[in-house]
Amino acid sequence: MPTRTHSTSAPTALRAAVLADSDTRWKWGALTARRLVSTDQSDNPQDIRLDGFLLRGRATPTVRQLREVGVPADALREVTGAEFVRAVDRELYDVIVLSCVGGGVQAMLHGLSRAWATPAGSAGGRRPVVVTGYVGVVYEKLADGLLLRHGADVVLANSRYDADRFREVYRGVGAAADSVVECALPFLGGARYDAEARKGRRHPGGTVVFAVQPSVPDNREDRGYLLRRALEHARKHPDREVLVKLRSKPGEHTTHIEELPYQKLAARIDGGVPANFRLAYGNMGEVLDTADLLVTVSSTAALESLHRGVPTAVLTDLGVREALGNHHFLGSGCLASWDQLDQGHLPEPDPEWLARQGVCADGSYITAFDAARARVAELAAAPALPPLTPYYSRTTAPGYLPRILDRYGFRPDGTPRPGAPGADTAEAGALRRVVRSTVREAARGAYRHGVQRVAPVIRRMGEL
């Protein structure tokens, strides 16, 4: 990536902005920006300024969640869609990473396109390179999610398998597919698993990590079953430590809503839990540093574990189903049940499957970003870039796009909707801004209470 220079000053660090709507997406977006923009691949690169924007919503990460993610920014603030579009002036940043759900990406693409519009007939002028992608395994809503991301300059695919699928979807609707670039998940890495080096620990049988997911499975019976099986595994193997890796605390949200936290299910277990069983938070990378077996239903943590060479099991107890996402691991060699694990089975991953899925077990992880880094550098060095042109428009999706844009506070033409949060002009009075901010915070609190507390109760009552 070229270093930005000014006519009257020395070269300065390139500037990247990341918009994220959850803790996991902040982690992906911030690490992706560092991989793509910085030539220094250390944990704290000095040749990039990273400004973070957290999109206001139900999953806006808390301070604790951001601390656990462990990816700091030079500046970080919470914004609405309109506030973000207003903040990222076309001359201010070199790269913008949109790390949101598909609808959020689409809304920002239209908002930025409108905000950066140049007079008719002009070449377009300089603007930031806009990048987006997925935070992990893509096993549902492939077409919907991809088309909502179309229009970004670069759409990152985390593997060769994903890149082929992404291009096929874009070509299938007659949209340009040259924005798709293969790379790898930015949070893969860490020390390779060494069983010999871990001998002599407190638990000679090793540490089994059950990586839970907020919404998979989605019902009390299945989640209770998985928790009981983890407990039974601990009782059957007193020489092992069984650790249930939690995603969030009750009341917090991550990428998906968790209506039935494992913490609450565990609190209702009769007879208590064995001494070698515990619930734990923490950075997944640090947890994997201690793992001798990673167990999950379909979490992206499985790819992190496989990348390190940690034995990894994708559970089949509840079936191999699209609704669970474990169908993504067909052919991986990792599918197994708690019964098999209880008997000492350790899955052996298939090398060809790993290679297709972007798991760089051969040590080529760093080079996996070369193509994407080169594409972004080429676009950033261009004197002018064409306007952002998403596939969805008022012509191609007149019954769908306006609803998406409205949800994020934009009109069908991409301008902020009057009265939408953050749509106030810079000239608005200070008192007016304070009043609106207070009302919004109260409304936000009420909305979160409804989503997190009231809605689950209503849904459970409906199941009676």
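**Rings, sheet and helices**

Me: Does tyrosine 392 count as buried or exposed?
Reply: The relative accessibility of tyrosine 392 is 11%. Buried means under 20% relative accessible area, exposed means over 50%, and partly exposed lies in between (1.4 Å probe, protein chains only). At 11%, therefore, tyrosine 392 counts as buried.

Me: What kind of model is this?
Reply: Residues are numbered from 1 along each chain as its sequence is written, and side-chain values use heavy atoms, with hydrogens and water left out. Local features need pLDDT of at least 70, side-chain atom pairs count only at pLDDT 80 or more, and totals for chains, interfaces and linings use all residues; this is a predicted model.

Me: Which class does tyrosine 391 fall in?
Reply: Its relative accessible area is 24%. That value puts tyrosine 391 in the class called partly exposed.

Me: What sort of aromatic pair do tyrosine 391 and tyrosine 392 form?
Reply: Rings of Phe, Tyr and Trp (its six-membered ring) pair if their centres lie within 6.5 Å; planes under 30 degrees apart are stacked, over 60 edge-to-face, the rest tilted. Here the centres are 5.6 Å apart, with 50° between the planes. So the pair formed by tyrosine 391 and tyrosine 392 is tilted.

Me: Which ring lies under lysine 27?
Reply: A charge sits over a ring if NZ of Lys or CZ of Arg is within 6 Å of the ring centre and within 35 degrees of the ring normal. Arginine 64 lies over the face of tyrosine 281, at 5.2 Å from the ring centre. Lysine 27 lies at 4.9 Å from the ring centre of phenylalanine 187.

Me: Which are the edge strands of the sheet?
Reply: Helices (H or I, at least four residues) and strands (E, at least two) are DSSP runs, numbered from the N terminus, and two strands pair if DSSP finds at least two bridges between them. Seven strands form an open, parallel sheet in the order β5-β4-β3-β6-β7-β8-β9. An edge strand pairs on one side only, and this holds for β5 (75-79) and β9 (180-182).

Me: How many bridges join β3 and β4?
Reply: β3 covers residues 14-20 and β4 covers residues 48-55. Alanine 20 has leucine 54 of β4 as its bridge partner. The strands β3 and β4 pair in the parallel sense, and the number of bridges is seven.

Me: What span should helix α1 have?
Reply: Helix α1 (residues 23-37) has 15 residues, and its end C-alpha atoms are 21 Å apart. The expected span is 1.5 Å times one less than the number of residues.

Me: How many residues of α4 are buried?
Reply: Helix α4 runs over residues 102-115 and has 14 residues. Gly102, Val105 and Leu112 are among the buried ones. α4 is mostly covered, and its count of buried residues is 11.

Me: What is the relative accessible area of methionine 108?
Reply: Methionine 108 has its place in helix α4. Leaving aside neighbours within four places in sequence, methionine 108 is in contact (heavy atoms within 4.5 Å) with residues including Leu19, Phe84 and Phe410. Methionine 108 is buried, with a relative accessible area of 0%.
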